[in-house]
Amino acid sequence: MHKGFSLIEMLVALSLMVLLASFVIPNVLKYQNKSYQLASEVNIRTFQSAVESYYLDNNAYPVGNMNISDLFSLLKTGEYLTSSPTNPYYKAAYSSSQTKGKILYSSTSGDDYALTLYGGDGQTVQITLGRL
């Protein structure tokens, strides 16, 4: 008598693993994307807090349209932020070339501003924050 598994037993086991994976993987990816979104929202609120601190010291918000790396450079010189938050989609510091989870800043007069966070597709606006 031979010891081991038959071809049929191996195919049945493989089929069950594939079936199980077809249910598990989409749910894991859904929660992974949700965690990226939540981490991005924490990051934009960190920048909002730093911009508000800038306002308290200067009686005006930074003026201009900036990507988040330019805004970070400005806020770092005033020591409002000491390190740049990490873009969760790329697991690296924010840069102007990133599209997923990008954050844009705009202020035309220094009296108000808008911080806009884009979702994982780089097109959909996830949240827009302004003056507190």
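Along strand E4 (residues 103-107), the side chains alternate. Ile103, Tyr105 and Ser107 point to one face and are buried, where buried means under 20% relative accessible area, with a 1.4 Å probe and protein chains only. Strands (E, at least two residues) and helices (H or I, at least four) are DSSP runs, numbered from the N terminus.

This is a predicted model, in which local features need pLDDT of at least 70, side-chain atom pairs count only at pLDDT 80 or more, and totals for chains, interfaces and linings use all residues. Residues are numbered from 1 along each chain as its sequence is written, and side-chain values use heavy atoms, with hydrogens and water left out.

Now look at the partners of E4. Strands of a sheet pair through backbone hydrogen bonds, either parallel or antiparallel. Two strands count as paired if DSSP finds at least two bridges between them. Strand E1 (residues 64-67) pairs with E4 in the antiparallel sense over 4 bridges. Here asparagine 67 has leucine 104 of E4 as its bridge partner. E4 also pairs with strand E5 (residues 114-118), again antiparallel over 4 bridges. Tyrosine 105 has leucine 115 of E5 as its bridge partner. The hairpin of E4 and E5 has 6 residues between the strands, and glycine 110 takes a positive phi near 90 degrees there.

Next comes the whole sheet. E5 and E6 pair in the antiparallel sense over 5 bridges, and threonine 116 stands opposite threonine 128 in E6. What is the order of the 4 strands in the open sheet? They run E1-E4-E5-E6, with antiparallel pairing. E1 and strand E6 (125-130) stand at the edges with a single partner strand each, so one side of each has no neighbour in the sheet.

Helix H1 (residues 7-58) and helix H2 (residues 68-77) pack at an angle of about 45 degrees, with their axes 11 Å apart. Axes are lines fitted to C-alpha atoms, for helices over the stretch in contact, and angles run from 0 to 180 degrees between N-to-C directions. That angle makes H1 oblique to H2; under 35 degrees is roughly parallel, over 145 roughly antiparallel, 65 to 115 roughly perpendicular, and the rest oblique.

Which residues meet between the helices? Phe47, Ala50, Val51 and Tyr54 in H1 meet Ile68, Leu71, Phe72, Leu74 and Leu75 in H2.

How values were computed:
Contact means heavy atoms within 4.5 Å. Buried means under 20% relative accessible area, exposed over 50%, partly exposed in between (1.4 Å probe, protein chains only).
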